[in-house]
Amino acid sequence: MAILVTGGAGYIGSHTVLYLKEQGEDVIVLDDLSKGHHDALMGTGLYRGTVGDKKLLDSIFTNHRIDAVIHFAASSLVGESVNDPLTFYENNVTETCCLLQKMNEHHVKHIVFSSTAAVYGEPKFIPIQEKDETMPANPYGETKHAVEKMLHWSDQAYGIKSISLRYFNAAGADPLGRIGEDHKPESHLIPIVLEVALGQREFVKIFGNDYNTDDGTCVRDYIHVMDLAQAHYLAVQKLKKTNESTIYNLGNGQGFSVKQVVDACRNVTGLFIGSKPAPRRGGDPATLIASSEKARDELDWLPQYPELETMVSHAWNWHRHHKNGFNR
Ligand code: UFG
């Protein structure tokens with residue numbers, strides 16, 4: 001039996017594909033390569049297309065014995081979602097609807113869904129628990145929340161069982177340096193800071209220094225991408241064992257400010273990294289820290305790389321050897 005990974009050529013998707021293969025799983029990837037990279041697949045079989053392509057889904061589910069889907073394919077930049085919400089609804093909600101329809105038709109009843117801390121919006125309590133109120137503050141979070149709801153009702157109606165994984169801030173790269181993070185244009189903090197270290201940018205802009213945090217900059221819970229990958233594998237196993245739908249937060253339960261991240265990058269690289277204060281970025285909550293007790297208890301999830309410096313050093317190892325990312 002095989003696992004279909006949609007969006008498997010993206011950052012978290014490709015690390016999960018690598019992890020699954022290392023566990024001996026048979027993996028098939030569906031990705032339109034609009035953001036992902038073929039080289040990130042390291043030879044895993046790829047169907048190039050979108051999850052909204054019903055004919056393609058029919059042929060994938062007919063040609064392979066698939067018993068679970070891990071669904072990453074989505075538009076994911078918060079800022080873009082504010083400027084173009086309808087594209088996000090189409091890519092993230094409408095296309096997921098096609099995927100679920102085809103899963104149901106082909107009797108594939110297990111799905112692990114790539115959700116996000118953005119479903120919580122500005123949290124009332126820290127650390128955030130799964131039972132806390134969800135109040136997305138941007139269209140990206142809304143679309144992920146809408147899919148969580150769609151999964152709930154698809155369980156009731158069709159018996160499709162799902163685990164939604166709400167990631168906090170994914171960071172790091174394959175510890176062996178085979179694959180890493182490559183967004184174009186880059187928008188995430190750690191790769192941006194490392195681009196400054198490499199001389200590819202002059203300085204990092206620190207978006208807001210008047211938040212209600214110890215040093216005034218935003219605090220986030222960084223989680224190693226391979227630890228996220230491990231959680232996806234465990235979630236598939238859990239669905240097969242218990243056949244129950246649920247939701248888990250995935251983070252380390254420890255917060256680091258933007259300034260602390262820049263300092264960690266200076267320590268790891270040993271290089272000067274310039275930074276300048278800049279206005280707040282719209283829609284950024286001051287602090288996001290996960291309680292991941294539920295995932296630890298129920299999935300037996302044990303992050304292997306909880307230290308921020310380890311995440312930064314794995315990212316640095318990738319970036320300094322791949323200055324142009326996957327482009328050779
Ligand atoms: N930041 C800067 N300067 C930069 C880039 C980022 O100061 O050049 C700050 C941001 O304002 C934020 C922190 O660094 O406070 C982290 O920003 P990222 O863009 O790396 O990550 P986000 O916390 O914005 O986003 C992540 C995921 C999203 C998800 C979100 C949930 O990447 O997919 O968490 O809130 F929606």
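1. Strand S8 supplies three residues to the shell around the ligand, the largest share. The model under discussion is a predicted one.

2. The shell comprises 20 residues, of which Asn169, Leu189, Lys205, Arg281 and Asp284 come nearest to the ligand. By class, 11 residues of the shell are nonpolar, five are polar and four are charged.

3. In the side chain of Asp284, an N or O atom is 2.5 Å from a ligand oxygen. For Leu189, a polar backbone atom is 2.8 Å from an oxygen of the ligand. The side chain of Arg220 places an N or O atom 2.9 Å from a ligand oxygen.

4. On its own, the ligand has 690 Å² of accessible area, and the protein covers 90% of it. Two elements give two or more residues to the shell: helix H6 (189-197) and strand S8 (204-207).

5. As regards the whole chain, there are 10 helices and 14 strands. The C-alpha trace spans about 55 × 45 × 40 Å along its principal axes. The radius of gyration is 19 Å, which agrees with the value near 20 Å that a compact globule of 328 residues would have.

6. Of the 328 residues in the chain, 55% are buried. Among contacts with a separation of 6 or more, 78% are between residues 24 or more positions apart. The accessible surface of the chain is about 14500 Å², and carbon and sulfur atoms account for 49% of that surface.

Notes: Residues are numbered from 1 along each chain as its sequence is written. This is a predicted model: local features need pLDDT of at least 70, side-chain atom pairs count only at pLDDT 80 or more; totals for chains, interfaces and linings use all residues. Side-chain values use heavy atoms; hydrogens and water are left out. A residue is near a molecule or strand if one of its heavy atoms lies within 4 Å of it. A polar contact is a pair of N or O atoms within 3.5 Å; within protein, one must be able to donate a hydrogen and the other to accept it, and residues adjacent in sequence count only if both atoms are side-chain atoms. Accessible areas come from the Shrake-Rupley method with a 1.4 Å probe; for residues, only the protein chains shown count as cover. Helices (H or I, at least four residues) and strands (E, at least two) are DSSP runs, numbered from the N terminus. Ala, Val, Leu, Ile, Met, Phe, Trp, Tyr, Cys and Pro count as nonpolar, Asp, Glu, Lys and Arg as charged, and the others, Gly among them, as polar. The radius of gyration is taken over C-alpha atoms; the globule rule is 2.2 Å times the number of residues to the power 0.38. Buried means under 20% relative accessible area, exposed over 50%, partly exposed in between (1.4 Å probe, protein chains only). Contact means heavy atoms within 4.5 Å.
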